[in-house]
Amino acid sequence: MAEESKKEEGFEFQAEIKKLLNILSHSLYTHKEIFLRELISNASDALTKQRFHSLTNEDYEGKELPLEINIEMDEQNKTLTIIDTGIGMTKDEVVKNVGTIAKSGSLEFITNLSEEAKKDSNVIGQFGVGFYSVFMVADEVRIRTKSYKKGEPAYEWRSDGTGKYFLHQIEKERRGTEIIVHLKEEEKEYTDKTRISSIIRKYSNFVSFPIMVCGEKANQVTALWKEPKKDVTAEQYEEFYKFIANVEEAPLFHLHTSAEAPIQFYSILYCPKVNYESVILKKLEHGIQLYCNKILIQADCKALLPEYMRFIRGVVDSSDIPLNISRETFQDNRVIQKMKNILIKQVLGLLQDIAKNDKEKYEIFWKQFGRILKEGVHFDFENRETIAQLMRFNSSQCKDAGELVSLGEYTERMKPEQKEIYYITAVSRDTIEKSPHLEIFRKKGVEVLYLTDPNDEFLLSGLGEFEKRPIRSADQANLDVLKDADKGIVDTSSEPQNYDAIFNHLLKTMKVCLADNVTDVTESHRLSESPCCLVSPDTSPSVHVQKLIHMMDKNYQMPKKIMEINRKNKMIQNLARMNEIPDNQQIVGKIITQLYENALMQDGVVFDPTAMVPRVNELLEELTNAKLGEGKKIII
Ligand code: ADP
Ligand code: MG
C-alpha cells in the first residue's frame with residue numbers, strides 16, 4: 001500500500017448528525033446505559049448479515065471465524081471495546097453508514113419529541129437512537145473495521161463526537177468491527193464486568209449470537225419461541241418482550257403458539273401496555289421479527305399482520321419460508337399469507353378470551369388500542385363480525401363517560417319489541433345528553449350508544465347491522481322506536497281550541513318559510529319536551545359526520561333535513577294561535593327562522609351569527625313591549 005492512502009483524512013459530520021449528537025448529549029441522560037444495547041444490536045445486525053452471506057456466498061473473508069460478540073474492558077485506560085465478527089465495513093461504507101443518517105425522518109422525529117418523551121427510554125426505544133448514543137458516555141470513539149469482501153483494506157474511524165471524524169487505513173487481520181469506547185471520566189462504571197453483564201442481561205439477553213464478557217457468555221441465546229410453553233417462565237416472556245420491543249415495562253399480555261398444519265411455525269406475540277402512537281402522534285411503523293429456523297430473515301416484517309394490528313410485537317419462525325425471500329415478494333408469498341390468516345385468528349381469539357374472562361385488562365387494552373383495532377371493521381371483511389364484537393362504546397345506560405359496553409351486551413338487554421340498535425354522535429357525553437333526539441329513547445327506556453370518536457359512526461354505518469339487527473342513527477327519520485310513540489299518552493285537554501286545524505296550518509306556514517332550508521316540516525313523535533328538532537332522511541350520515549366531511553371538503557353541501565315539530569310544546573301551541581292572525585305574519589316568520597337555527601345549534605352546527613343577533617333583539621323587543629302591555633302586534 002502506498003503511504004499516501006494511510007494518511008489520516010478529516011471529514012465533517014452531516015448537519016443532522018451534529019444536531020442529533022447535541023440532543024443526545026443534553027436530553028437522554030436518564031438512561032445512558034442504552035448505548036451498549038445499541039452497539040450490541042449493531043454488532044448483532046452485522047453478524048446476521050454475515051450468516052446470510054455464509055449461506056449464499058462461497059468467497060468471503062474469515063471463513064473460520066465463529067459468529068460472536070466479545071466485550072473487553074480496560075479499567076486503567078478507561079476503555080470498553082465491543083468486537084464482532086460480522087460483515088464489517090469498507091471505507092465507503094464507513095463514510096456512508098456512520099457519517100450520515102440513512103433513515104430520513106428519525107432526526108425530525110427525535111427533535112419533535114417533548115423533553116419528557118426524550119427522557120423516557122420506552123419512547124426512545126421505539127425507534128432506537130443508534131450508534132451515536134455512544135457519545136453520551138464517550139469522549140472519543142474508534143471504529144476499527146474490516147469488510148467480509150475479499151481484498152478490502154481495513155480502516156479506522158475516530159471522533160470525539162463534536163463535529164468531525166477522521167479516517168485512516170490500518171492493519172487488521174480479522175473480519176468484523178471493533179468499537180473502542182473511550183469513556184468520560186464520570187462514566188468509569190462501564191469498565192466493571194458485573195455492571196456490563198447486568199446491562200446485557202437487561203437489554204440484550206436474547207441476541208442470537210453469544211456475547212462474551214471477558215471470556216464468559218453473558219446472554220441466553222436460546223430461541224424462546226421454540227421452547228415448549230411449560231418450560232418458559234413468566235419472567236422469560238417478560239424479558240424477551242422488553243428485548244424485542246426495546247422498552248422497560250412489561251407487556252399487557254402475550255400469546256405463545258405453535259402450528260403444525262397447514263404451515264408449521266412457532267410464534268410469540270405481545271401486546272404492549274401503552275399505545276405509543278398517541279405519544280409520538282404518528283403511525284407505528286414496526287412489524288414482526290421473522291425467522292427461518294432461528295435465522296432472522298426480517299426484523300420488521302409488516303406482511304405478517306394487518307395494519308389494524310400494528311401495535312403487536314413479536315417473533316414468528318417458520319422453516320417453510322425460503323431464506324432468500326425478498327421484501328417485495330412478502331405480500332404475495334403464499335406461506336406468509338397463510339401464516340397471517342392464522343395469526344389474525346389467534347390474536348382475535350385471545351382478545352375475545354380476555355374480553356370475556358378479564359374485563360379490567362380488556363378495558364385497558366381497548367382504551368389504548370381500540371382506536372387501531374376497530375380499523376379492521378373496514379379493512380378485514382372476513383373478521384369484521386368478530387372485531388365488531390370486540391368494540392366498546394359508552395351508552396345511555398352507563399354511569400359516566402368512562403364506562404363501556406359491547407354490542408353484545410347491548411343486544412342482550414334490548415327490549416323484546418326493540419328491533420334496531422341506536423347510536424348518537426357528538427363531541428362529548430355532556431353534549432349528547434342535552435340532545436332533543438334522546439327524548440323518545442329516555443321515555444321508552446331504550447338504550448342508545450354514545451359515539452364520541454367520529455370514526456365510530458363510519459364504522460357502525462359501514463357495519464350496517466349486528467346480529468341481524470339494523471344499526472341506526474338516533475337522528476334519522478322513520479326509526480322503529482317511533483312506532484306507537486304517542487300511544488295512550490296523548491293528553492289533548494290542555495290543547496288550544498281547534499288545535500288540529502291550526503297546527504296543520506302552522507306546519508304549512510313553516511314549510512313556506514323554511515322552503516330553502518329543509519325538505520319538509522312534520523309533526524314529531526320523538527319529542528316530549530323540546531319544541532322542534534332536525535332529523536336526517538334515512539340514508540344520510542348524521543350531522544356530526546357531515547360536519548367532518550365539510551371540514552375536509554369545503555364544497556360539500558350538507559344535505560337538507562326534515563324539521564320535526566312537537567305539537568305538545570306550549571310555545572308551539574302559542575305560535576299556532578299567533579299564526580292564525582294575519583297581522584302577525586312577520587313576527588311568526590322570524591320566530592320560525594329562529595326555531596330552525598336553534599335546532600341547528602343544538603346539533604352543534606355553527607353558522608354566521610350576524611343575521612341572528614339582530615333578529616333575536618327584535619324578538620326580545622316585542623317580548624318586552626308585550627310584557628309592558630304595549631305590544632299591539634302580538635295577539636294571542
Ligand atoms: P441502525 O443500526 O439503525 O442502522 P446505527 O446508527 O445504529 O443505525 O448504525 C448505523 C450504521 O452503521 C448501521 O446501519 C451499519 O450499516 C453501520 N454499523 C454500525 N455498527 C456496525 C458494526 N458493528 N458492523 C457493521 N456495520 C455497522
Ligand atoms: Mg443500530
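## Helix caps, packing and buried residues in a predicted model

N569 caps the N-terminal end of helix α21, with one of its side-chain oxygens 2.9 Å from the backbone nitrogen of M571. Helices here are DSSP runs of H or I with at least four residues, strands are E runs of at least two, and both are numbered from the N terminus. This is a predicted model, in which local features need pLDDT of at least 70 and side-chain atom pairs count only at pLDDT 80 or more, while totals for chains, interfaces and linings use all residues. Residues are numbered from 1 along each chain as its sequence is written, chains are lettered from A and ligands numbered from 1 in the order in which they are written, and side-chain values use heavy atoms, with hydrogens and water left out.

### Around α21, α19 and α22

Let's stay with α21, which spans residues 570–578 and has I572, Q573, L575, A576 and M578 buried. Buried means under 20% relative accessible area, exposed means over 50%, and partly exposed is in between, using a 1.4 Å probe and protein chains only. The buried residues of α21 pack against α19, β23 (561–565) and α22. Contact, here and below, means heavy atoms within 4.5 Å.

Two of those partners also meet each other. Helix α19 covers residues 499–513 and helix α22 covers residues 585–602; their axes come within 10 Å and cross at roughly 75 degrees. That angle makes α19 roughly perpendicular to α22. Axes are lines fitted to C-alpha atoms, for helices over the stretch in contact, and angles run from 0 to 180 degrees between N-to-C directions. Angles from 65 to 115 degrees count as roughly perpendicular, those under 35 as roughly parallel, those over 145 as roughly antiparallel, and the rest as oblique. On the α19 side the contact is made by T509, M510 and C513, and on the α22 side by Q585, V588, G589, I592, T593 and L595. Sorted by class, this contact has five nonpolar, four polar and no charged residues. For that count, Ala, Val, Leu, Ile, Met, Phe, Trp, Tyr, Cys and Pro are nonpolar, Asp, Glu, Lys and Arg are charged, and the others, Gly among them, are polar.

The loop between β20 (469–473) and α19 holds N478, and N498 lies in the loop between β20 and α19 as well. N478 has a phi near 55 degrees, a positive value in a residue other than glycine. The phi of N498 is also positive, at about 55 degrees, although N498 is not a glycine. N478 is exposed, with a relative accessible area of 61%, and N498 counts as exposed at 59% relative accessibility.

### One-sided helices

Helix α18 (residues 454–463) has its own cap: a side-chain oxygen of D453 lies 2.9 Å from the backbone nitrogen of N455, at the N-terminal end. Within α18, D456, E457, L459, L460 and L463 are buried. These residues cover an arc of only 165 degrees around the axis, which puts them on the same side of α18. The arc is that of the directions from the helix axis to the C-beta atoms. Just after α18, G464 takes a positive phi of about 80 degrees.

In helix α4 (residues 91–99), the buried residues are V94, V98 and G99. Seen down the axis of α4, they fall within an arc of 85 degrees, so they line one face of the helix. The face turned away from that buried side carries the exposed residues D92 and K96.

| Residue | Location | Relative accessibility |
|---|---|---|
| N205 | loop between α8 (193–203) and β8 (211–213) | 6% |
| I421 | strand β17 (residues 421–425) | 0% |
| Y362 | helix α12 (residues 359–373) | 2% |

Which side chain makes a polar contact with the side chain of N205? The partner is E239, at 2.6 Å. A polar contact is a pair of N or O atoms within 3.5 Å; within protein, one must be able to donate a hydrogen and the other to accept it, and residues adjacent in sequence count only if both atoms are side-chain atoms. Not counting residues up to four places away in sequence, N205 touches I200, A218, N219, Q220, V221, E239 and F243.

Leaving aside neighbours within four places in sequence, I421 is in contact with L407, Y410, T411, M414, L449, F466, R469, P470, I471 and R472.
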